[in-house]
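The sequence and the model are shown first, and the description follows.

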Amino acid sequence: MKRNLKSVMSLAVASVALVGSLGLASIASAASDFSGFPTLRQGDSGGYVRALQANLWAYGHQGSVGTIDGSFGSGVKSGLQAFQRDKGLTADGVAGSGTWNRMNYNVTVEVPGRSFFLSTPDSSTYWVFYSGSSDLRYSVMYKSNNRTVTSGTVY
C-alpha cells in the first residue's frame, strides 16, 4: 500500500511538472514579431489579414489599403505590392515569409512573448501595438497622441 501511494505521488508530481513546462513553453512561443504568420493572398480573410492591413498602415499605405476589415481585396494587394517594391522584394502581392520578415525590421519587443510594436519612419501618422500570449490583439494608434484608431484580434 505504501509503495503504491509513493508511485501515485511520483506520477502526480511528474504530471504537474509536465503540465507546468508545457504552459511555460506556450508562453515562451507566443508572438514577439511576425515570424510564423501564414502566407496571405487576395481573397483571404480574417485576423491575419487585419494584421497585414494594420502593418501596411504603419508603412504608409493606408490610402491603398482602406479600412482594416480583414478582407484581402485589390486595395490590400496594391498596398502590399507598393510595400514590397519599396523594400526591394518581389512585388507579387502575396504576403509570404519574406514579406513578414521584412516587416519585422521595424518591430520592437516590449515584453518577450507578450507585446511588441511596429513603428516605421514610412508613416508619420500610424504605429501598431500587438499584445497577448494566448490570443494576439492589435491596436493601430496615432503617433502624435497614442490614441487608438482601430483595434482587433489577430488570433
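## Helix H4 and its surroundings

In this predicted model, the buried residues of helix H4 pack against H2, H3 and H5. Those buried residues are Val76, Gly79, Leu80, Ala82, Phe83 and Gln84. H4 itself has 13 residues, and from its first C-alpha to its last it reaches 18 Å, close to the 18 Å expected at 1.5 Å a residue. After H4 comes Gly88, which has a positive phi near 75 degrees.

The largest nonpolar core has 31 residues, of which Phe34, Leu52 and Tyr130 touch the most other members. The elements that give two or more residues to this core include H4 (74-86) and helix H5 (97-103), together with strands E2 (115-118), E3 (126-131) and E4 (137-142). H2 gives the most, with seven residues. In soluble globular proteins, nonpolar side chains tend to be buried together.

His61 lies in the loop between helix H2 (47-58) and helix H3 (62-65). Its relative accessibility is 10%, and His61 therefore counts as buried.

| Residue | Contacts |
|---|---|
| Leu52 | Leu40, Phe72, Val76, Leu80, Ala95, Trp100 and Met103 |
| His61 | Leu56, Gly79, Ala82, Phe83 and Asp86 |

Among the buried residues of H4, Val76 and Leu80 are touched by Leu52, while Gly79, Ala82 and Phe83 are in contact with His61.

Technical notes: Residues are numbered from 1 along each chain as its sequence is written. This is a predicted model: local features need pLDDT of at least 70, side-chain atom pairs count only at pLDDT 80 or more; totals for chains, interfaces and linings use all residues. Side-chain values use heavy atoms; hydrogens and water are left out. Helices (H or I, at least four residues) and strands (E, at least two) are DSSP runs, numbered from the N terminus. Buried means under 20% relative accessible area, exposed over 50%, partly exposed in between (1.4 Å probe, protein chains only). Contact means heavy atoms within 4.5 Å. A nonpolar core is a set of buried Ala, Val, Leu, Ile, Met, Phe, Trp, Tyr and Cys residues joined through side-chain atoms within 4.5 Å. The expected span of a helix is 1.5 Å times one less than its number of residues. Lists of a residue's contacts leave out its neighbours within four places in sequence.
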